[in-house]
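Please look over the sequence and the model shown below before reading on. The report that follows takes up a helix residue, then a sheet, and then the spaces inside the protein.

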Amino acid sequence: MAGRFSPRPPRTGVHGGPVAVPPAGVPRPARASGRGRTWTPPGPLELGLVLGPLRRGPGDPTFRAMPDGSVWRTGLTPAGPGTLRVSARGGEARGEAWGPGADWLLEGLPELLGARDEPDAFVPRHRLLALTARRRPGLRLTRTGLVLESLIPSVLEQKVTTLEAYRAWRLLVRRFGEPAPGPVPVPMSVMPAARTWALIPSWEWHRAGVDDKRASTVLRAVRVAARMEEAAGMDPVAARARLEAVPGVGPWTSAETVQRSHGAADEVTVGDLHLPGIVGYALGGDRTADDAEMLRLLEPYAGQRHRAARLVLLSGRMPERRAPRMAPRRIERL
């Protein structure tokens, strides 16, 4: 996954930092009424931390964090497209939704905000993680219940810079998605349906900077879209096995997907360029750690390894950069 975390944002497979959600209290304009639901979380809840992994860059047309403290997101649900606004105040979370998928989105609001997550199951074995967990008690792992909306952007993020991946997602969703229903505060879009993805011409993938290998992987996935979405009802291990049956979807991509679609607390990302070195440096002082060493360091957190990796990224303990950032490729200019 491409991540945003302090103090600098290297490309990693786990989101470490929150989306900045300003404090509540800023007046907002009147808007058309939608269906609503209120949910009381069992503990602290920080919207930016919980929902941040669903944002694919600051220009993501499916996600917006607003000055009034709310978070807006769109989704292509089994009932159709929908828009959801989430806010938290006074120990309660409030959801409002519009569109054919409104009821589905509201029904899944608690899970989206971490109702299935068990943060108390995490037992810190390192002082750094204990301090970070105490400092960020509002971290809960989201579960969207939707697979393709996490799988497709994860495929676009394979072996490219975050700027390339975010740009591709933004351009393709804006061009081929449909306008978000409801009184959205800024122009937003709903992710294209599977058939629409399948009909995108080859030159449009090229213009978005997506090479043939990644485009072909997306096309193979959307051709079995129903089977992909069925994976949302499986346990994370079985879901990953189903996703990886699609040529071009490997362990990195499947882990990135189930971390969001399932709220999988133990599915740590392997095969990432930066994450092993970050975890190795934070927990063992070894910035050259590989996947095997990262998994060894995370072994005490079996069942909660993804949460442990998130906390490492939130801690801000990062090795100093030794080389320039990878320059984005612009294949659409070829």
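Arg-242 has its place in helix 11, which covers residues 236-243, and the model in which it is seen is a predicted one. With a relative accessible area of 18%, Arg-242 counts as buried, because the cut-off for that word is under 20%. Once residues up to four places away in sequence are set aside, Arg-242 touches Arg-227, Met-228, Glu-230, Ala-231 and Met-234.

Val-258 belongs to helix 12, made up of residues 251-261, and is buried with a relative accessible area of 0%. Apart from its neighbours within four places in sequence, Val-258 is in contact with Pro-236, Ala-239, Arg-240, Leu-243, Gly-263, Ala-264 and Glu-267. One of these contacts, Ala-239, is 19 residues away along the chain from Val-258, and the C-alpha atoms of the two are separated by 7.5 Å.

The sheet is open and is formed by 5 strands in the order 1-5-4-3-2, with antiparallel pairing. Strand 1 (35-39) and strand 2 (63-65) stand at its edges, and each has a single partner strand, so one side of each is left without a neighbour in the sheet. On average, and with direction ignored, neighbouring strands of this sheet are turned by 20° against each other. Strand 2 is joined by 3 bridges to strand 3 (residues 71-77), and the two run antiparallel; Trp-72 in strand 3 is the bridge partner of Arg-64.

Which residues lie closest to the centre of the largest cavity? The count comes to 3 cavities of 30 Å³ or more, and the largest cavity is lined by 15 residues, of which Leu-54, Thr-62, Arg-73, Glu-149 and Trp-169 are the closest to its centre. Strand 3 and helix 5 (148-156) are the elements that give two or more residues to this lining.

The second largest cavity is lined by residues including Arg-73, Leu-84, Trp-104, Arg-143 and Leu-146. As for the second largest pocket, which holds about 280 Å³ of space, it is lined by 16 residues, and the closest to its centre are Pro-119, Asp-120, Pro-137, Leu-139 and Arg-307.

The table sets out these spaces with the classes of their lining residues.

| Space | Volume | Lining by class |
|---|---|---|
| Largest cavity | about 140 Å³ | 6 nonpolar, 4 polar and 5 charged residues |
| Second largest cavity | about 70 Å³ | 5 nonpolar, 2 polar and 2 charged residues |
| Second largest pocket | about 280 Å³ | 9 nonpolar, 1 polar and 6 charged residues |

Terms used: Residues numbered from 1 in each chain as written. Predicted model: local features only at pLDDT ≥ 70, side-chain atom pairs only at ≥ 80, totals over all residues. Heavy atoms only, no water. 1 Å grid on protein atoms, 1.4 Å probe; cavity = no way out; pocket = protein on both sides within 12 Å on 5 of 7 lines; lining within 4 Å. Points joined across faces, edges and corners; volume = space filled by probe spheres on them. Nonpolar A, V, L, I, M, F, W, Y, C, P; charged D, E, K, R; others polar. Helix = DSSP H or I, 4+ residues; strand = E, 2+ residues; numbered from the N terminus. Buried < 20%, exposed > 50% of the residue type's maximum accessible area, 1.4 Å probe, protein only. Contact = heavy atoms within 4.5 Å. Pairing = 2+ DSSP bridges. Axes fitted to C-alpha atoms, helices over the stretch in contact; angles between N-to-C directions.
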